[in-house]
Structure formats: structure tokens, C-alpha cells
Amino acid sequence: MTLKLTLFSQEKDDFVREILIDSDAKFAELHQLILTDCSYDEHQKQCFLICDEDWRVKQRICLQDTDEMSYDQDLNLMSDTSVGDFLEEEGQRLAYVFDPDGKRFFLMELTENVFGRTEKVAIVNRRHGQPPLQSLVEEEEQTTEQTENPEEIEEGFYGDEGYEEEELDLEGYEIDE
């Protein structure tokens with residue numbers, strides 16, 4: 001059976017990916033597909049979070065065994081866990097943590113079960129928009145680079161040629177107490 005997953009970001013409204021993956025495929029394959037499609041680097045703390053209908057985390061599927069897991073939680077590794085082990089019903093939700101340091105993630109939903117069809121490899125079936133940058137540090141650097149040249153910003157500013165004195169109503173700015 002093929003699962004159709006819709007991946008989206010709360011940071012960028014126009015970013016959406018539709019993914020087709022076989023239910024027997026491992027979460028590691030889904031992880032690699034997302035990284036490749038978004039041109040992200042792999043980090044050992046990246047994980048999938050299986051959520052309920054209110055986006056509360058029920059299960060964690062990790063890339064590697066980390067010491068952060070508590071002993072009362074089952075350890076699910078991406079390389080050992082099939083997508084179909086946790087996703088069965090349409091409408092099920094999960095999150096993919098792509099920037100563990102910045103606590104940033106994509107939201108995902110199982111939008112359709114396609115019976116009688118199998119996918120040999122996971123694919124991105126539909127793309128819309130550009131993904132957010134992987135790290136907030138990269139985003140801050142890019143913003144700084146864009147605002148470093150103040151002449152470029154002021155150049156196209158409306159009304160920068162000046163104003164006429166009589167156009168300005170100075171009495172309108174007085175504050176009476």
C-alpha cells in the first residue's frame with residue numbers, strides 16, 4: 001500500500017510537499033527524501049514525532065540512539081521502523097524535526113491510503129514553494145546581508161524627494177493636555 005503524506009511549514013505559508021511512500025518503507029527513507037528535497041544537512045537529533053489529532057506527541061522516532069530518551073519510552077529508530085507501523089489511518093499526524101537546535105519542524109499528515117499500489121522508492125509527487133532555511137543562524141545571516149547596504153533600501157523610498165512646507169499641518173501634531 002502507498003501512503004500519501006502532505007508536508008507543510010508554519011513558517012512559510014506557500015511551502016507544501018506531497019510525498020508518496022510505501023507503507024513498508026522505513027522512516028530513514030522518508031528522512032533522506034525530505035533532506036534531499038529541501039537541501040538540508042543531516043543532524044543526529046533529527047526525528048519524527050507521531051502526534052494525535054491535537055498535535056500532542058505520542059511517539060518519537062529517532063535517527064540515532066540518544067541519551068536524552070527516558071527509560072520508560074520505547075526506542076524507535078528510523079532505520080528499523082516502517083512508516084506503516086505508525087501511520088495507518090487517513091488524517092493521522094506527525095512532525096519532522098529538521099532543526100533540533102532551533103526546535104523547528106515540518107507538520108505532516110497522512111492524506112490518503114492508496115491501496116493496490118506500491119512505491120519502490122519514496123518520491124515527492126508535488127512541490128510548491130521554497131522550504132525555510134534549515135537553521136535560524138543561516139536565516140539571520142541572510143537577513144543581515146540583505147540590509148547591509150542602506151543606499152539600496154532608501155533608493156526606492158516613496159516621497160524621498162522631499163516635501164512642501166505648506167503640505168505639512170503642524171497644528172495637527174500638537175498635543176493638548
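Strands here are DSSP runs of E at least two residues long, and helices are runs of H or I of at least four residues, both numbered from the N terminus. You're looking at a predicted model, so to speak: local features need pLDDT of at least 70, side-chain atom pairs count only at pLDDT 80 or more, and totals for chains, interfaces and linings use all residues. Residues are numbered from 1 along each chain as its sequence is written, and side-chain values use heavy atoms, with hydrogens and water left out.

Start by selecting Trp55, in the loop between strand 3 (47-51) and strand 4 (57-62). Trp55 isn't a glycine, yet has a positive phi of about 65°. With 27% relative accessibility, Trp55 counts as partly exposed (between the cut-offs for buried, under 20% relative accessible area, and exposed, over 50%, using a 1.4 Å probe and protein chains only).

Next, click on Lys103, in the loop between strand 6 (93-99) and strand 7 (104-114). Lys103 is another non-glycine with a positive phi, about 55°. Its relative accessibility is 68%, so Lys103 counts as exposed.

Now for the rings. The structure has seven aromatic pairs (Phe, Tyr or six-membered Trp rings with centres within 6.5 Å; planes under 30 degrees apart are stacked, over 60 edge-to-face, the rest tilted). Show Phe27 and Phe48: their ring centres are 5.1 Å apart and their planes sit at 50°, so this pair is tilted. Phe27 belongs to helix 1 (residues 27-38) and Phe48 to strand 3, 21 residues apart, so the pair links distant parts of the chain. Both Phe27 and Phe48 are buried.

Last stop: select Phe15, Tyr40, Phe98 and Phe106, which form one aromatic cluster.
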